[in-house]
Amino acid sequence: MKPGVFKATKKNGTVYYRGNITYNGKHISLGSFDNEDECATAYNEAWQIIRDDSSTILSCQKEVNYLSFEKCVSLINFRDNRIYIKNPIYLQKNYFLYYIDQNTILKFDNDDLFYYSSHKIQMRGSHMFVTDYGMQYNILGRYGIKSYSVKGRDYLFANGDENDYRYSNIIVVNKYHGVYKEEKRGKVVYAAKIHLNGDFIVGRYNNEATAAIAYNKAVDLCKSRGMTKSFPVNYITEFTPREYADIYTEIKISSHLYKFFRNKNFREA
């Protein structure tokens, strides 16, 4: 076998070749290949990247034929920062870059390094997620942004860069489902809305958690009146269960919502 090449066999008897290098005491897998020559070339490409400081993440794909882009990123980061990370991460001074591909580069705070070192980000369309315990989780969920949230309405990127996921750059405008921030005569209020036959105003409240409870109460009213539509329900952490129950009991929701159900001919949206 050529240097760095190891012959292996799949369960069905098919022969393939695995590439490995050892650098700074770290054994690094280069991936699997169909034949010995391809694997050996990938091995030589890996050493070329490690030994040549002029090789960059931008230039490496012009210099290699068999080594994957993700592996190039990992090797360059190991070469420059002396830390090997299997996912395509490159460390900066106060943050790190995660390379989805050559054109999609995400920025994260170092606080997230441990998580993304062990959780690979996948992309389907514009949806970016990780898989954990067999479940898919949108990466926005780490910021308290729900799956139904709308960019530009419920959350914003402060500097306009939609690939900058540092915490200081994520502004959560509407934390809860059915709750929208409004400014009236210089005063901020939170409107609770529920979609029946169009958006229906449940009420306006002084804080978003109270508005979220009002929305939940409106959902319960809809269900009690026989609506089978599936409404998302807010999980609220600002209040204890006792406080939640007290607010739920006392909070007022629009009388128009009750009138809506007095019409026996209402149709579900």
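How many residues join strand 13 to strand 14 in their hairpin? The hairpin passes from strand 13 to strand 14 through one residue. Welcome to this model; here is how to read it. The model is predicted, so local features need pLDDT of at least 70 and side-chain atom pairs count only at pLDDT 80 or more, while totals for chains, interfaces and linings use all residues. Residues are numbered from 1 along each chain as its sequence is written, and side-chain values use heavy atoms, with hydrogens and water left out.

Strand 12 covers residues 179–184 and strand 13 covers residues 187–196. Helices (H or I, at least four residues) and strands (E, at least two) are DSSP runs, numbered from the N terminus. Strands 12 and 13 run antiparallel and are joined by six bridges; two strands pair if DSSP finds at least two bridges between them. They form a hairpin with two residues between them, and Arg185 in the turn has a positive phi of about 55 degrees. Lys184 stands opposite Lys187 of strand 13.

Strand 13 also runs antiparallel to strand 14 (residues 198–205), with seven bridges joining the two. Here Tyr190 has Tyr205 of strand 14 as its bridge partner.

Three bridges connect strand 4 with strand 5 (residues 95–99), and Ile89 has Tyr98 of strand 5 as its bridge partner.

## Helix 5 and its two partners

Two packed helices are described by the angle between their axes and the distance between the axes. Axes are lines fitted to C-alpha atoms, for helices over the stretch in contact, and angles run from 0 to 180 degrees between N-to-C directions. Helix 5 (residues 208–224) packs with helix 6 at an angle of about 65 degrees, and their axes are 10 Å apart. That makes helix 5 roughly perpendicular to helix 6 (under 35 degrees is roughly parallel, over 145 roughly antiparallel, 65 to 115 roughly perpendicular and the rest oblique). Thr210, Ile213, Asn216, Lys217 and Asp220 of helix 5 make the contact with Tyr244, Ile247, Tyr248 and Thr249 of helix 6, where contact means heavy atoms within 4.5 Å.

With helix 7, helix 5 packs at an angle of about 15 degrees, and the axes are 11 Å apart. That makes these two helices roughly parallel. Ala218, Leu221 and Cys222 of helix 5 meet Leu257, Tyr258 and Phe261 of helix 7 in this contact.

Is Ile253 buried or exposed? Ile253 is buried, because its relative accessible area is 12%; buried means under 20% relative accessible area, exposed over 50% and partly exposed in between, with a 1.4 Å probe and protein chains only. Ile253 is found in the loop between helix 6 (241–250) and helix 7 (255–262).

Not counting residues up to four places away in sequence, Ile253 touches Val202, Tyr205, Ala214, Lys217, Ala218, Leu221 and Tyr258. The C-alpha atoms of Ile253 and Val202 are 5.4 Å apart in space, although the two residues are 51 residues apart in sequence.
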